[in-house]
Amino acid sequence: MATGTPAIDGSGASARFKRSRSRHLFEQLIGLSLFACAAVTVVTTVGIVAILLAEGLTFFTEISPLEFFTGTRWTPLFQSAGFGVLPLVNGTLIVALGASLVALPVGTLAAIYLSEYASPQIRSIIKPVLEVLAGIPTIVFGYFALTFITPFLKDTIFPEIGVFNALSGMIVVGIMTIPMVSSISDDSMRAVPQELREAAYGVGATKFEVVTRVTFPAALSGIVASYILAISRAIGETMAVTLAVGATPRMGFDILDSFQTMTAYIVNVSLGDTPQGTTEFRTIFAVALTLFAMTLLMNLISARVVQRYRERYE
Amino acid sequence: MADSTNSNGGVAVVDEQVADERDAAVGASSSGRDFRPTLGAAQIDQQEDTIEDVAVQIDDVGLWYGAKKAIEGVSLDVQRHEITALIGPSGCGKSTLLRCINRMNELIPGVRIEGQIRVDGDPLYGSDVDPVEVRRAVGMVFQKPNPFPKSIYENVAFGARINGYKGNMDELVERSLRQAALWDEVKDQLKESGLALSGGQQQRLCIARAIAVQPEVILMDEPCSALDPIATQRIEDLMQELAADYTIVIVTHNMQQAARVSNRTAFMLAEEDLVGRLVEYGRTDQLFTSPNDSRTEDYITGRFG
Ligand SMILES: Nc1ncnc2c1ncn2[C@@H]1O[C@H](COP(=O)(O)OP(=O)(O)OP(=O)(O)O)[C@@H](O)[C@H]1O
Ligand SMILES: [Mg+2]
């Protein structure tokens, strides 16, 4: 660290400016331990990806990627084994799409309310409530879907609904992701400089016009980033969908019926009695790798969007 | 369409007179022209010359930010198609007073206003006055250039669009940009972002945006403080041209600027109680050469502030 000190004539420092050895050592120690902590996160990430890749690639020497990525029958544990992952992808995407239909509009409108309409007092109540919502363990949401939402839907609108069904999963995952959309969108709308709002008010805009034509568009990239993160979260969501949506890998779109998501499949096999080291067991790494690729892609997109949003008002 | 700021409440209605119907998009020529409010004796007692054609009448205005009183008892008449400067030390309430003239202060929670302001005799404060309509008639240019992150064209067209302007938008945009002395510099890049312009150009864009809604009065709060001397010169020239069509009220820290551009000057001061009051108001040449109040003299000779 101190190697760049220019030696002008090689003579030593006078006592006044002399470098203290112990202080120097202490600084180096601090730097090293901080580096070690940062390194832990990198090493774990690399380790996880390496295991996923190794096991996943072994799987693909046994089952062709073509069959895996295009097959529509997922029955790896049956006699007539089918290794097409599409039914799981289908289940995952259906739930994620349905959850987005709940979370994006509600989250956006809540954010607009919080940042533009709510008085400081109301805001100071709603914000913590949303944070609590974000902190509820997802398994609780799963039970909520299973023991409340589904029976409620059965008694009111859909008497034919199954015990496990995609609809309740969509609703509950949607509710879970509302705080993510609303808090990030709220932040990005509040980051819009007050001067821009005043400029709009100054030419006679109403509050609604200020929100729809100035604040919202100016915050759009942050808002879109929150959408992508929420969808990514919905894709990766595990416990709630395992409980609510069930374990029936299938194609099709009948949301009153049970599906199986990629995450729910991984849970089932991990907890089941499939022997380790078999192709059947390795399916979970292939599925996890696919899932990882999907969420990674979403996160990369959102990082790009956020980047643009940072440069926005310069 | 109810304005959010109503929640602040507490706007004292000094004058119960019902606001005249005002046509939002129409400019200076219409209502209230012949209405001549009588001048209160206290308002301009320190000067001989009177104001013949009052565009803005500020009548005993006071304002609180929450529990803190920021200005008190300010009364002055603004002459039509002139430039009126507000000067005074930092914190004396110049911006506060200026922002009362287009009801901008109400966007700040907890603000309470007393007194009355009239434009062409029409009161701006009252339970049945819509601040949105007020702001269409009284435009504003801010200290820091604040173009929308939209194209140059959309920046200028913004106000007209939300006001439901029916005429030819291209013409309006060109006319406004010409009036703001910006047209020649940007006519080939109207589709580009307003943020891509230099600071001085952005400020002229903001002026174009303000005049595109054809207000009667334009308020400017230190419009040159973020600009270099050449850009400042251009804005000052522009202000003088605009004074032919608009009534302009400008806040400035720069006394040379006030002396250069304004016809009349109001000097404000917040003394020990930190409440801003109007000390002296008169013709700029007179106020700068032979002020009536010793505090004015102290200020313009740089003895404090
Ligand atoms: N939003 C606000 N909330 C609370 N107090 C405020 C607010 N804005 C201004 N004030 C106070 O009101 C007083 C007048 O402020 P104002 O901004 O009008 O002064 P000014 O004359 O424009 O000063 P400057 O020349 O520094 O711009 C100051 O004491 C200031 O602290
Ligand atoms: Mg100010």
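**Entry 1. Model.** I am working from a predicted model.

**Entry 2. Shell of ligand 1.** I listed the residues around ligand 1 and got 13, of which S90(B), G91(B), K94(B), S95(B) and T96(B) come nearest. I then sorted the shell by residue class: six are polar, four nonpolar and three charged.

**Entry 3. Side-chain contacts.** I looked up distances from oxygen atoms of ligand 1 to side-chain N or O atoms. For S90(B) the distance is 2.4 Å. For S95(B) I noted 2.6 Å, and for K94(B) 2.8 Å. I also checked how far the protein covers the ligand: ligand 1 exposes 630 Å² when taken alone, and the protein buries 65% of that.

**Entry 4. Elements in the shell.** Which elements give two or more residues to the shell around ligand 1? I found β2 (68-79) and α1 (94-100), both of chain B. The largest share comes from α1(B), with three residues.

**Entry 5. Helix α6(B).** I moved on to α6 of chain B, residues 199-211, and counted 13 residues. From first C-alpha to last, α6(B) reaches 19 Å, close to the 18 Å expected at 1.5 Å a residue.

**Entry 6. Burial of α6(B).** Why do I describe α6(B) as largely enclosed by the rest of the structure? I do so because 12 of its 13 residues are buried, with under 20% relative accessible area as the cut-off. Among the buried residues I noted G200(B), Q201(B), Q202(B) and Q203(B), and also R204(B) and R209(B). Others in the buried set include L205(B), C206(B), I207(B) and I211(B).

Methods
Residues numbered from 1 in each chain as written. Chains lettered and ligands numbered in written order. Predicted model: local features only at pLDDT ≥ 70, side-chain atom pairs only at ≥ 80, totals over all residues. Heavy atoms only, no water. Helix = DSSP H or I, 4+ residues; strand = E, 2+ residues; numbered from the N terminus. Expected span 1.5 Å × (residues − 1). Buried < 20%, exposed > 50% of the residue type's maximum accessible area, 1.4 Å probe, protein only. Near = heavy atom within 4 Å. Polar contact = N/O pair within 3.5 Å; in protein donor to acceptor, adjacent residues only side chain to side chain. Areas by Shrake-Rupley, 256 points an atom, 1.4 Å probe, with all protein chains shown as cover. Nonpolar A, V, L, I, M, F, W, Y, C, P; charged D, E, K, R; others polar.
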